[in-house]
Amino acid sequence: MRTFLAILRDSFREAVDGFVIYIMLILSFLTIAFVACIGYQPTDAEGYLSKSIKGFAVFIPDKGESTAISAVPGVNYEATAIKVNGKDVLFDLEVTSKSDFGFGKPPAIDPFRAAVAGWLKKAYKSEKRKMPAAALRGGRGNTSDSTLKELEIALAPDISVEEAAAITDEQMVEFIKNQFVSHYGCGDVKVRRRSNPDAGKYVYEVEAINLRGSRGWAHDVTFLPWKIITDKDLPLGLVVYVIEDTIVNGIGGGILLLISVILTSFFIPNMLRKGTLDLVVSKPVGKVQYLLYKYLGGLIFITLVSAITVGGVWFVIGIRSGMWDPRFLITIPALVLSFALLYSFSTLIAVLTRSAIAAMLLTIAFTFGLWLVGYIKKQLDVAKVIEEGNLDTVSSVFDVLNNVLPRYKDLDKLTSKVTSEGAYTPILLRFQDMIIEPPSFFGVLGITFLYIAAFLALASWRHSTRDG
Amino acid sequence: MAVIDVSNLQKDYGSLQALKSVTLQVDSGQIYGLLGQNGAGKSTMIKILLGIVRLTSGEANLLGFPAGSIEVRKRVGYLPEDHAFPGYHTGESLLHFYGQLYGMNRTDRVKRIAESLDIVGLSKRGTSKIKTYSKGMKQRLGIAQSFFHDPEVIFLDEPTDGVDPVGRKEIRELLATLKEEGRTIFVNSHLLQEIELMCDRVAIMHKGEIVRTGTVAELTKTVERFSITLAPGADFPVAEVKALGFKVEPDDEETHVELKPGQSIDTVLDLLSSKNLRLRNVRESKQTLEDIFMDLVEQAERGSTKRGVRVARAVSARRDD
């Protein structure tokens with residue numbers, strides 16, 4: 001352990017002396033400062049609530065736990081008598097339930113009660129439908145950067161008259177409360193049913209605490225004093241997700257990895273310089289041990305920088321938006337793992353060539369190659385759905401390539417998925433999960449670790465068998 | 001027991017034989033010099049002993065353990081030729097780093113580092129970055145790092161390289177002190193005078209072979225040679241002395257007489273006395289190590305290294321006796 005710490009400290013000295021760490025910290029600070037300049041203003045309550053409350057027609061069965069979504073036709077939701085108290089909203093929720101809408105068999109069923117019954121049900125039949133090509137081409141949310149699959153939807157539940165009739169007032173209140181969680185991510189809601197004015201209409205008095213600050217509420221986006229996105233009805237969670245996934249994990253992470261590859265590509269060749277290596281390996285430390293400790297030193301260095309950057313961004317987003325979900329922090333180990341893969345390749349090249357320039361350029365080429373395979377595979381997956389499988393041969397080649405090569409881009413997709421789980425509302429997540437096939441978690445991690453181990457094993461073997 | 005014990009050591013780099021069946025023993029408490037031209041194989045041999053380079057065949061043991069074992073490296077110090085210390089360290093921080101690799105605790109490190117830097121004259125620059133050091137200062141730091149952890153054996157590859165004459169003298173004195181403390185010091189050098197001045201025993205290496213070993217005195221006494229000066233006006237009887245079987249070389253006022261094995265200078269002196277030639281001066285002129293080395297190199301270049309090897313074996317056998 002003492003040896004490891006000594007080599008770690010030595011790597012740190014090298015990084016500090018070469019201004020590597022200062023460059024990284026400045027970039028980290030600039031990223032955090034940039035994100036801190038972004039503000040989020042909740043939109044007008046009356047307008048947005050009136051529009052968005054209609055979405056309550058869609059619900060998640062199994063009390064919001066199912067992976068499917070469903071809807072019962074004939075139910076309309078209206079918000080009236082809206083009062084705003086800061087971010088809290090008080091209003092009357094009027095649910096109009098038209099039994100003659102066409103749902104169910106005679107005798108007619110109250111659709112609202114049928115929806116509540118369906119929400120309570122666990123078992124759902126599902127079917128697969130093709131996504132419209134226009135939706136695929138146009139891209140929606142992060143689908144333009146993901147593997148698309150056929151849309152799987154839950155069929156309307158088969159509710160009997162007795163089941164619908166058995167729904168209690170408490171179950172209806174519970175359903176409405178859960179809809180606030182599903183559609184807005186707002187869990188602190190008081191719902192009280194008013195006396196029923198007429199048949200087929202339900203009126204509830206609702207007090208939603210911090211509804212306007214919830215992740216499902218539309219927000220305008222500002223940069224310093226300037227409004228840059230207004231009147232787009234973008235939910236806060238979606239905006240935060242785009243910042244976290246696109247700006248930080250995507251662009252920021254890419255730049256961080258690129259700069260890290262460039263700056264750390266000098267570490268191993270410097271260590272292997274004639275006259276430097278001899279001094280160290282004549283000490284009681286194994287050649288392979290020294291190489292691997294140097295590698296780990298680089299990783300810890302990047303872990304620190306990633307933790308500062310991502311942690312800082314998470315903190316300022318939390319301060320500015322009130323969203324403190326920690327799942328965005330998964331970006332830290334994801335960036336470290338991506339770097340671990342690239343640095344293991346860089347280490348192998350450095351050991352084989354002893355050239356920092358070769359290690360740097362080949363690692364950048366390797367990164368670009370992996371990205372390109374992932375990108376082409378994504379395009380082919382989209383094309384496959386649209387063109388109905390006319391690209392089988394080319395697609396198979398890239399499927400195989402993507403499966404056997406390190407899953408650099410798939411790792412990015414997994415990170416995006418976990419990040420979105422911390423930012424999206426449950427309804428938005430269900431839509432995403434229905435159309436985006438996430439890569440296998442164990443497949444991605446397994447093959448990535450396998451490559452890291454293989455690169456390091458080759459580097460260690462070459463280093464240990466090489467004289468001097 | 002020999003501290004360094006090398007037997008039939010061979011190292012090939014592809015078709016190039018860097019070491020050709022080298023056999024060498026170094027006893028404890030000596031300063032042992034390995035002399036040779038650049039590329040003779042001196043550094044390769046040290047690197048094999050330290051496990052930096054793998055041997056092709058033969059045996060190499062250090063302190064009774066196979067060369068290169070981790071256990072042995074704790075007890076050994078090493079200054080490589082062309083060392084490149086990381087410029088981002090200060091003298092002190094570098095020694096702390098190396099001390100940690102040796103497993104030294106902080107208290108010992110602090111004490112030993114201060115002492116060692118003081119010994120090599122760097123105590124005032126210990127906290128300066130190494131990249132600000134002169135070549136001589138780096139060399140002195142290199143020597144400090146080779147002994148600060150209290151090793152039993154110290155390998156120094158060209159230790160006086162880049163050091164001024166005063167610094168060289170100090171290094172020689174330091175090595176003498178380290179020897180007095182019971183350490184064994186193995187010095188590689190192509191600087192003949194340095195080896196002659198500091199080493200107890202010497203091995204001469206040429207093109208991967210040990211061509212001669214022995215003490216400096218032994219090596220420089222292999223040929224007895226006398227310089228004789230007669231009183232003014234007297235002529236040296238060159239022909240008569242040659243007739244007695246001696247090799248004679250007149251040189252201005254003095255005449256050099258070289259003895260073959262079994263011959264005595266007394267025979268020549270008796271002849272001069274019988275001819276009433278008055279002597280002014282008689283001195284035994286030792287061959288320098290440089291003479292020996294140059295002779296051996298010339299012989300080797302002429303392809304006559306066999307004689308050198310035979311001589312080396314004879315010297316080695318005599319030492320073993």
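This is a predicted model: local features need pLDDT of at least 70, side-chain atom pairs count only at pLDDT 80 or more; totals for chains, interfaces and linings use all residues.
Trainee: Which element of chain B has the lowest mean pLDDT?

Mentor: Remember that pLDDT is the predictor's confidence in each residue, from 0 to 100. Chain B averages 85, and 92% of the residues score at least 70. Over residues 304-321 of chain B the pLDDT is below 50, yet beyond near neighbours in sequence this stretch has 24 contacts in the model. Among the elements of chain B, α3(B) has the highest mean, 95, and the lowest, 39, belongs to helix α12 (residues 305-320) of chain B.

Trainee: Thanks! Which element gives the most to the side of chain B that touches chain A?

Mentor: Two residues are in contact if their C-beta atoms, placed from the backbone, lie within 7 Å, and the contact takes 21 residues from chain A and 22 residues from chain B. Helices (H or I, at least four residues) and strands (E, at least two) are DSSP runs, numbered from the N terminus. On the chain B side, α2 (70-73) and α3 (91-101) each supply at least two residues. With four residues, the top contributor is α3(B).

Trainee: Moving to the sheets, which residue stands opposite B:S227 in β13(B)?

Mentor: Two strands pair if DSSP finds at least two bridges between them. Chain B has an open sheet of four strands in the order β12-β13-β11-β14, with antiparallel pairing, and its edge strands are β12 (247-251) and β14 (279-284). Strands β11 (residues 224-230) and β13 (residues 254-259) of chain B are joined by six bridges. In β13(B), the residue opposite B:S227 is B:H256.

Trainee: And in chain A, what is the bridge partner of A:T222 in β11(A)?

Mentor: Three strands of chain A form an open antiparallel sheet in the order β1-β10-β11, with β1 (38-42) and β11 (226-229) at the edges. Strand β10 (residues 219-223) of chain A pairs with β11(A) over three bridges. There, the partner of A:T222 is A:K227.

Trainee: Last one: which element gives the most to the side of domain 1 of chain A that touches domain 2 of chain A?

Mentor: Domain bounds come from an automatic or database domain assignment, which gives chain A domain 1 (2-40 + 232-465) and domain 2 (44-121 + 157-216). Their centres, taken over C-alpha atoms, are separated by 44 Å, and twelve residues of domain 1 are in contact with 14 residues of domain 2. On the domain 1 side, α9 (236-264) and α17 (426-435) of chain A give two or more residues. The element that gives the most, with four residues, is α17(A).

Definitions and conventions: Residues are numbered from 1 along each chain as its sequence is written. Chains are lettered from A and ligands numbered from 1 in the order in which they are written.
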